[in-house]
Amino acid sequence: MNRDEPPHPAASNIPQSAGGVNLDEYRGYLRAVAQIEIGRRLQSKVDASDIVQQSLLEAYQGLAAHRGHTQAELMAWLRTILARNLLNTYRDYGAQKRDISREHSLAQQLDDSSVRLDRFLASEQTSPSQRVIRGEQAERLATALATLPDDQRTAVILKHFHDESLAQIAEKMDRSTLAVAGLLKRGLKKLRQTMDGDSTSGS
């Protein structure tokens, strides 16, 4: 489902601040990471926003037990919760069975996706260090990814967020490398146009 609309109604269930931590501040970041992960698995079958919403609710409920002290530790903890909910979703669709090792593996994949997300956003922003700006960028990226046609989104995610070659992507998508190159060109152009448009309309 494409998401170019107001936040999920259940978002009101999450307090703006809990223990001095504004969990909702990480919604765009988590949504982008989730989009990157499910883009190569279930594509348009699931809504990343719903998975993120569930993850944030669980994070709020377990925040008192979180022992981290830095933003990096908090983000790693949030990714762990997100990984668990992604695995639950995969099982619902029969994609995977319950396996703790898979959960650890997926958590590592999300860590890697987070690094690539940070790298991509840094390339789109001359001053990427401000957390609020980066969070807004991540939200715009998640929305932009959701608006891409499935084949363009898959190609962009595999190339720019999973570091796969044109040949690897072509094999997975059963397309020629020339066709994949075209998907990447059109997808990336539309992605940036959407992000720039959201940024302009929000300014």
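Here is a chat about the predicted model shown above.

Me: How many helices and strands does the protein chain have?
Reply: This is a predicted model, and its chain has eight helices and zero strands. Along the sequence the pattern reads α-α-α-α-α-α-α-α.

Me: OK. What share of the 203 residues is buried?
Reply: Buried residues make up 45% of the 203 residues in the protein chain.

Me: And the contacts, what percentage join residues at least 24 apart?
Reply: That's 69%, counted among contacts between residues at least 6 apart in sequence.

Me: Which residues make the contact?
Reply: On H1 you have Arg27, Leu30, Arg31, Ala34, Gln35 and Ile38. H2 brings Ala48, Ser49, Val52, Gln53 and Leu56.

Me: What about H2 and H3, what angle do they pack at?
Reply: About 130 degrees, with the axes of H2 (residues 48-62) and H3 (residues 71-92) 9 Å apart. H2 and H3 are oblique to each other, and H2 passes H3 in a right-handed crossing.

Me: Which residues of H2 are in on that one?
Reply: Ile51, Val52, Gln54, Ser55, Glu58, Ala59 and Gly62. Facing them from H3 are Trp77, Leu78, Ile81, Leu82, Arg84, Asn85, Leu86 and Thr89. Val52 also takes part in the contact with H1.

Me: Switching to aromatics. How many aromatic pairs are there?
Reply: The structure holds one. Phe120 and Phe161 have ring centres 5.1 Å apart and planes at 50 degrees, so the pair is tilted.

Me: Where do Phe120 and Phe161 lie?
Reply: Phe120 is in H4 (residues 100-124), while Phe161 is in the loop between H6 (150-160) and H7, so the pair ties together parts that are 41 residues apart in sequence.

Me: Are those two buried or exposed?
Reply: Both Phe120 and Phe161 are buried.

Me: What are its contacts?
Reply: Ala144 touches Leu191, Thr194 and Met195, again not counting residues up to four places away in sequence. The C-alpha atoms of Ala144 and Asp196 are separated by 9.8 Å, though the two are 52 residues apart along the chain.

Me: Now H7. Which residues there are buried?
Reply: Ile169, Ala170 and Met173, in a helix that runs over residues 166-173. Seen down the axis of H7, the buried residues fall within an arc of 100 degrees, so they line one face of the helix.

Me: Why would residues three or four places apart point the same way?
Reply: An α-helix has 3.6 residues a turn, so residues at that spacing point the same way.

Me: What's on the other side of H7?
Reply: Glu171 and Lys172, and they are exposed.

Me: Which residue follows H7?
Reply: Asp174, which has a positive phi near 55 degrees. Asp174 lies in the loop between H7 and H8 (177-201) and is exposed, with a relative accessible area of 70%.

Me: What about Asp163, what's its phi?
Reply: Positive, about 55 degrees, and Asp163 is not a glycine. Asp163 lies in the loop between H6 and H7 and is partly exposed, with a relative accessible area of 43%.

Terms used
Residues numbered from 1 in each chain as written. Predicted model: local features only at pLDDT ≥ 70, side-chain atom pairs only at ≥ 80, totals over all residues. Heavy atoms only, no water. Buried < 20%, exposed > 50% of the residue type's maximum accessible area, 1.4 Å probe, protein only. Helix = DSSP H or I, 4+ residues; strand = E, 2+ residues; numbered from the N terminus. Arc of directions from axis to C-beta. Phe/Tyr/Trp six-rings, centres within 6.5 Å; stacked < 30°, edge-to-face > 60°. Axes fitted to C-alpha atoms, helices over the stretch in contact; angles between N-to-C directions. Parallel < 35°, antiparallel > 145°, perpendicular 65-115°, else oblique. Left-handed = near helix turned anticlockwise from the far one by under 90°. Contact = heavy atoms within 4.5 Å.
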